Structures are given as C-alpha cells and as structure tokens.
Amino acid sequence: MDTIQEKQTDASPRRNLSSTSASHNPPTSSVYPQHPPDSQVLFRVSGSELNWFDHLLVGGSSLAIVGSLLWAPTALMWSYRKWRSAKTHRQKLGYGACFWGLLAVLIHPVVFPNTLHHDSRVGKFLQVKRWRLWKAWMRFVAFEVIADRNGITNSNGNSPTVSSTTATKENSILAFCPHGIFPFALGMGALFESAQEAAFGSFRPIVASAIQLFPIVNMFVSWVGGVDASRPSVHRALSATPVSRVGVIP
C-alpha cells in the first residue's frame with residue numbers, strides 16, 4: 001500500500017535532501033522518521049530546495065485558488081451592493097456587468113458541467129500536471145510517497161512500485177491519506193505527474209459533488225478527469241475501457 005505524507009514548513013531545520021524515487025530509507029533520509037520498518041521511499045522532494053519564488057507561487061495560488069471559496073462570494077456581494085446603490089447610469093452598468101459576469105462564472109459549472117473548458121482534454125492540452133506551480137507545492141510540503149511492502153521484491157531483487165506493476169494496466173481504486181480539512185494528499189497525487197510516474201501511476205480523483213461549487217478548484221478537478229463521488233459515476237469510471245484507475249480518500 002502506498003502512503004502519501006505531507007508536512008508544512010516550520011522553524012526546525014530541514015535535512016538536505018534531493019528529489020528521489022524508489023530509494024531505500026536510511027535513518028536520516030527523511031523529515032518523517034516514523035516510517036514503518038522495511039518501508040521504501042518511492043518518491044521524495046526535499047523541502048530544503050524551497051526558494052523565494054516557490055514561496056511566491058504557493059502563497060499566490062493559495063489566495064487565488066484555495067482562497068476563492070472566500071474572495072469569490074465576497075466579490076459577488078460587493079459588486080451586487082455597488083450595482084444596487086449606483087447613482088449614475090455608467091456606474092450601474094459597470095457594477096452590473098461585474099456582478100452578472102462573476103455570477104455566471106460561479107454558477108455555470110453547476111448548470112453546465114460539461115462545457116469545453118471544464119474537460120480533461122483541456123488539461124492535457126495545457127499540460128496542467130507539468131506546471132512549475134506543482135513543483136513549488138511539492139517542495140513546500142516536502143512531498144513523499146512511501147511503500148510499506150515489508151521487503152517484497154521482484155525478480156531483480158528490487159521492491160516494485162505500483163507504476164511498474166500490472167496494476168496500472170487494470171481498473172483500480174487507489175486509497176490516499178490523510179484527508180484533513182482540505183484533501184491535499186489526493187489533490188497533489190492527481191496533479192503531480194512526476195510522482196505518478198515514479199510511484200502509483202496516473203488516476204482520476206473521486207471528489208464530492210459539492211466541489212462543483214468551489215470556484216477555480218472545480219476547473220482543475222475537471223482538468224485531471226475528476227469523478228463525482230456518486231455510485232453511478234464511479235461505476236461508469238471503473239467500467240471505462242481500456243483502463244480506468246481512480247483515487248479516493250476513504
């Protein structure tokens with residue numbers, strides 16, 4: 001079973017680690033000394049590589065993407081009040097356009113969930129999984145993927161990764177943890193192509209129906225092929241051909 005672990009930056013010094021995949025886990029190899037016995041680090045990005053530009057990307061994307069749950073309805077309410085209290089025709093026209101435009105952007109994923117820009121093909125075209133932004137996030141949380149296979153080896157004497165086994169050639173359900181207030185483990189697993197290639201392979205994340213109400217986030221979810229957490233949707237996803245792999249936080 002693969003386990004994704006993450007850790008926010010703190011005041012403690014970070015060990016000087018470099019990105020790695022499928023490497024054994026000596027006592028000083030990680031910011032997580034509580035690894036299970038005989039476990040193996042499949043993929044790791046060192047927090048010591050974090051720089052000022054990474055901080056800028058993480059901070060900006062946090063405000064713009066994750067923070068949209070707060071600023072989007074606030075902006076909607078502000079533009080509505082300005083529109084209703086406008087004294088001139090020009091002001092009324094400007095604030096009205098702002099209000100109705102923002103309202104359309106917020107509600108259209110719910111009313112029209114299958115529009116073109118909310119399609120996984122757009123994500124592939126934009127190569128969203130290869131964006132520099134995700135490397136900054138991996139450094140920020142000191143991203144790791146760990147296999148606790150208890151010494152299981154293949155014919156070459158190496159511990160196999162999920163991406164190197166037949167699991168990626170069959171319909172599969174991957175379990176991620178932890179969930180937390182915001183499911184970073186699942187989100188990062190679905191967005192970080194380098195981690196997918198090194199460890200668990202590509203998959204489609206299973207998300208709550210309410211994610212459609214989350215501005216901007218719903219777009220990124222659709223770009224990575226998100227699946228609604230209803231029984232019919234998951235069944236259709238797993239019945240897809242030739243192969244469909246989904247990820248969920250139990």
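Is Phe220 buried or exposed? At 12% relative accessibility, Phe220 counts as buried. The legends below describe close-up views of a predicted model.

**View 1. Trp131 and Phe220 form an edge-to-face aromatic pair.** The ring centres lie 5.9 Å apart, with 85 degrees between the planes. Trp131 sits in the loop between α4 (120-126) and α5. Phe220 belongs to helix α8 (residues 217-223). The pair therefore ties together parts that are 89 residues apart in sequence. Trp131 has 29% relative accessibility, so this residue counts as partly exposed. Phe220, at 12%, counts as buried. The structure holds 21 aromatic pairs.

**View 2. Ring pairs build a cluster.** The members are Trp137, Phe140, Phe182, Phe184 and Phe214.

**View 3. Asp54 forms a salt bridge with Arg132.** Their closest N and O atoms are 2.8 Å apart. The pair links distant parts of the chain: Asp54 in helix α1 and Arg132 in helix α5, 78 residues apart. Asp54 has a relative accessible area of 0%, so Asp54 is buried. Arg132 has a value of 33%, so Arg132 is partly exposed.

**View 4. Asp54 also forms a salt bridge with Arg139.** Here the closest N and O atoms are 3.0 Å apart. Again distant parts of the chain are linked, with Asp54 in helix α1 and Arg139 in helix α5, 85 residues apart. Both Asp54 and Arg139 are buried.

**View 5. Arg139 forms a salt bridge with Glu49.** The closest N and O atoms are 3.5 Å apart. Arg139 lies in helix α5 (residues 132-141), and Glu49 lies in the loop between β3 (40-44) and α1 (52-66). These two residues are 90 residues apart. Arg139 has 14% relative accessibility; the cut-off for buried is under 20%. Arg139 therefore counts as buried. Glu49, at 26%, counts as partly exposed.

**View 6. Shared partners join the salt bridges into one network.** Glu49, Asp54, Arg132 and Arg139 make up this network. In total, the structure holds four salt bridges.

**View 7. Arg84 lies over the face of Trp83.** The distance from the ring centre is 5.7 Å.

**View 8. Residues 52-72 carry a UniProt annotation.** The unreviewed entry labels residues 52-72 and 93-112 "transmembrane region". In the model, the span 52-72 is 95% helix and 0% strand. Its end C-alpha atoms lie 27 Å apart.

Terms used: Residues numbered from 1 in each chain as written. Predicted model: local features only at pLDDT ≥ 70, side-chain atom pairs only at ≥ 80, totals over all residues. Heavy atoms only, no water. UniProt positions renumbered as here; feature names shortened; annotations may be inferred. Helix = DSSP H or I, 4+ residues; strand = E, 2+ residues; numbered from the N terminus. Salt bridge = Lys/Arg side-chain N within 4 Å of Asp/Glu carboxyl O. Buried < 20%, exposed > 50% of the residue type's maximum accessible area, 1.4 Å probe, protein only. Phe/Tyr/Trp six-rings, centres within 6.5 Å; stacked < 30°, edge-to-face > 60°. Lys NZ or Arg CZ within 6 Å of the ring centre and 35° of its normal.
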